[in-house]
Amino acid sequence: TPFHLLLLYFPFSLLSDPLLARAIYTLILEWALFALVVLSLRLTDWTVPRWFAPLFFLFCVANFYTYQSILDASPILMLAFFFVCILFTLQNGQDEVAGALISFSLYYWEVGLPFLLFIAWYAYKTHRTRIFAGFGMFSFITIMASIPIFPDWFIPYLRAGMNNLRADFGYSIFSAFTELLPSFGNWLAWVVIVILIIALGSEWNAAIQRDDPRRFYWTACLSLAAAPLLGFRTQRENLAVLIIPLALIFAIIHDRWRAGNLLIVLFLLIWLLVPWVLVLYGIPAYGEIVNQLIFLLPPLFTVVGLYWIRWWAIRPPRIWADAVVR
């Protein structure tokens, strides 16, 4: 994490009891999770059924990846909250606020790099310069505040970043495919990465050329969902950020299919139960292969789900066409 962003954590160092500091920080992460769920549903512009909101919140709290992130006190929930706030403020024309939130989101590159690059590219191509103004102003303030405390922090930060890239930790599409398919897993991983990069480039270009809010939102969700599959090493708790695209997938399923409610419940149960079953029963029996599956399945499921609902997500509803589909 860049040192100027670590200033946000400094108030916790004033507490003499580390357990108390961790408890307060974890409570803040739980608040961030609650706000993440609410704003993710608001972003979909969907009239949420009364039964779905508590069910979705229960799913977001009880699924393995969110549980792991809270157990480890990982800042991923705060980062996901920043991401959904960026989308929400952009949707409401608050570009300076979005830029400020981007300045607070410049860590955990393995999670947010494609998403932040897309936002920056979109802002540049659509001439929304106030996003850059908000980003520059708040970055300048935090960096200037960090210099008197640690003037030379940038070089150690770069060194730590390079060491992090070389370190053999966590999970990636290479480790997953190599473990599952030892003969040609590495080659297959490169094929998937190239396909995803081409798909992202095509979708980014389409989102900018048409400048349609619906397409922009769907493309931002795709950028978040594709990040774990682009070869970056990451941790399983970082997949909690997929709450944002999942809300969009469930909203479209509910609105476009007669059996939408049944499909939503089925998908929620699969997403909730499969990782826990694999953790509790699969890992003791099969070890590392199951660990890799727990990492690989959610982003694959989310990317496939986004492309499944793509046609309906990026186009305004047409009553007669919807009637034919339904």
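Modeller: Pro284 is exposed because its relative accessible area is 65%, where exposed means over 50%, buried under 20% and partly exposed in between, with a 1.4 Å probe and protein chains only. Pro284 belongs to helix α14, residues 260-286; helices (H or I, at least four residues) and strands (E, at least two) are DSSP runs, numbered from the N terminus. Although Pro284 and Val304 are 20 residues apart along the chain, their C-alpha atoms are separated by 29 Å.

Before going on, please keep in mind that this is a predicted model, in which local features need pLDDT of at least 70 and side-chain atom pairs count only at pLDDT 80 or more, while totals for chains, interfaces and linings use all residues. Residues are numbered from 1 along each chain as its sequence is written, and side-chain values use heavy atoms, with hydrogens and water left out.

Now to the charged pairs that you asked about. Side chains of opposite charge can pair when their charged atoms come close. A salt bridge here is a side-chain nitrogen of Lys or Arg within 4 Å of a carboxyl oxygen of Asp or Glu, and a search of the whole structure finds 4 of them. In one of these, the side chains of Asp95 and Arg128 meet with 2.6 Å from N to O. Asp95 lies in helix α6 (residues 95-103) and Arg128 in the loop between α7 (109-125) and α8, so this pair ties together parts that are 33 residues apart in sequence. Both Asp95 and Arg128 are buried, and for Asp95 the reason is a relative accessible area of 3%.

Asp95 has another partner, Arg130, with the closest N and O atoms 3.8 Å apart. This pair, too, links distant parts of the chain, since Asp95 is in helix α6 and Arg130 in helix α8, 35 residues apart. Arg130 counts as partly exposed because its relative accessibility is 42%. Arg130 also meets Glu96 in a salt bridge of 3.8 Å, N to O, a pair that again links distant parts of the chain, with Glu96 in helix α6 and Arg130 in helix α8, 34 residues apart. Glu96 counts as partly exposed, because its relative accessibility is 35%. Through shared partners, the salt bridges join Asp95, Glu96, Arg128 and Arg130 into one network.

The loop between α7 and α8 also holds His127, which is exposed because its relative accessible area is 66%. Most residues other than glycine have a negative phi. The phi of His127, however, is near 60°, a positive value in a residue other than glycine. Ala73, in the loop between α4 (64-71) and α5 (76-91), likewise has a positive phi, near 50°, but Ala73 is buried because its relative accessible area is 13%. Contact means heavy atoms within 4.5 Å, and, leaving aside its neighbours within four places in sequence, Thr26 is in contact with Ile70 and Ala73. Thr26 itself sits in helix α2, residues 18-43, and counts as buried because its relative accessibility is 14%.

Returning to helix α8, its residues 129-146 include Ser146, which is buried because its relative accessible area is 0%. Not counting residues up to four places away in sequence, Ser146 touches Phe3, His4, Leu7 and Trp153.

A last stop is a pair of packed helices. Helix α10 (residues 173-180) and helix α11 (residues 185-210) pack at an angle of about 140°, with their axes 7 Å apart; axes are lines fitted to C-alpha atoms, for helices over the stretch in contact, and angles run from 0 to 180 degrees between N-to-C directions. The two helices, α10 and α11, are therefore oblique to each other, given that angles under 35 degrees count as roughly parallel, over 145 as roughly antiparallel, 65 to 115 as roughly perpendicular and the rest as oblique. On the α10 side, Ile173, Phe174, Phe177 and Thr178 meet residues of α11 that include Leu188, Trp190 and Ile193.
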